[in-house]
Amino acid sequence: MKGTDSRGSLVAGESIGTAYDTEEIVDAIGLDRAEIEWRKGFVGFTPEDESRVAGLEGVVEAREDELIDAFLEPIYTTSETREITDRSPRDDDALRAIVGGYLRSLTDGEYDQSYCEHRTRIGRLHNRLEMPLHYFTGMFGNLTNIVAAELMDGLADSIKAELPEEHHE
């Protein structure tokens, strides 16, 4: 995957996520091209969806710091999740770089074997950190709110541009 080092990490330095072989996990769960295509089909993720998600790249670029904050702040301000990050060898700068890289990779338009292997590696890392799934999904809710607000602002601007000038505020 673009932006990763030889271990598959987005950031150099010590990591608890590289003490195992991603290929072993990928093999164990049968994550091959056919399985990836089946999973995409199961959730209805079409080539058009790939294009739409890739089209969010500008939103991620424009609001990257806000998105990273929305992802990390609940982790840092909640005792249960703060305890998890305290066990990580990564400092705040490294975690911010990891989350930023993760967000950019979501919109780079490549949802192939390498992408799925990297997501598998991340899932394994969250498992090693004992991060409950509901924490992760909650943080993604925060990200969704920011992206939705940006899309709504863009839609409002687009509609306003179509209106005659006398209807502009």
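Trainee: Is Arg63 buried or exposed?
Mentor: This is a predicted model. Arg63 lies in the loop between helix 4 (57-62) and helix 5. Its relative accessibility is 16%. Buried means under 20%, so Arg63 counts as buried.

Trainee: Which residues is Arg63 in contact with, leaving aside its neighbours within four places in sequence?
Mentor: Arg63 sits in the loop that joins helix 4 to helix 5. With those neighbours left aside, its contacts are Ile146, Ala149 and Glu150.

Trainee: Is helix 5 roughly parallel or antiparallel to helix 9?
Mentor: Helix 5 spans residues 64-77 and helix 9 spans residues 133-162. Their axes lie 9 Å apart, at an angle of about 150 degrees. Angles over 145 degrees count as roughly antiparallel. That makes the pair roughly antiparallel.

Trainee: What is the handedness of the crossing of helix 5 and helix 9?
Mentor: The two helices pack at about 150 degrees. Their crossing is right-handed.

Trainee: Is helix 5 roughly parallel or perpendicular to helix 6?
Mentor: Helix 6 covers residues 79-86. Its axis comes within 5 Å of the helix 5 axis, and the two cross at roughly 100 degrees. Angles of 65 to 115 degrees count as roughly perpendicular. Helix 5 is therefore, relative to helix 6, roughly perpendicular.

Trainee: How many residues are polar in the contact of helix 5 with helix 6?
Mentor: Pro74, Ile75, Tyr76 and Thr77 of helix 5 meet Ser79, Thr81, Arg82 and Thr85 of helix 6. Three are nonpolar and one is charged. The polar count is four.

Key: Residues are numbered from 1 along each chain as its sequence is written. This is a predicted model: local features need pLDDT of at least 70, side-chain atom pairs count only at pLDDT 80 or more; totals for chains, interfaces and linings use all residues. Side-chain values use heavy atoms; hydrogens and water are left out. Axes are lines fitted to C-alpha atoms, for helices over the stretch in contact, and angles run from 0 to 180 degrees between N-to-C directions. Helices (H or I, at least four residues) and strands (E, at least two) are DSSP runs, numbered from the N terminus. Angles under 35 degrees count as roughly parallel, over 145 as roughly antiparallel, 65 to 115 as roughly perpendicular and the rest as oblique. A crossing is left-handed if the near helix is turned anticlockwise from the far one by less than a right angle, and right-handed if clockwise. Buried means under 20% relative accessible area, exposed over 50%, partly exposed in between (1.4 Å probe, protein chains only). Contact means heavy atoms within 4.5 Å. Ala, Val, Leu, Ile, Met, Phe, Trp, Tyr, Cys and Pro count as nonpolar, Asp, Glu, Lys and Arg as charged, and the others, Gly among them, as polar.
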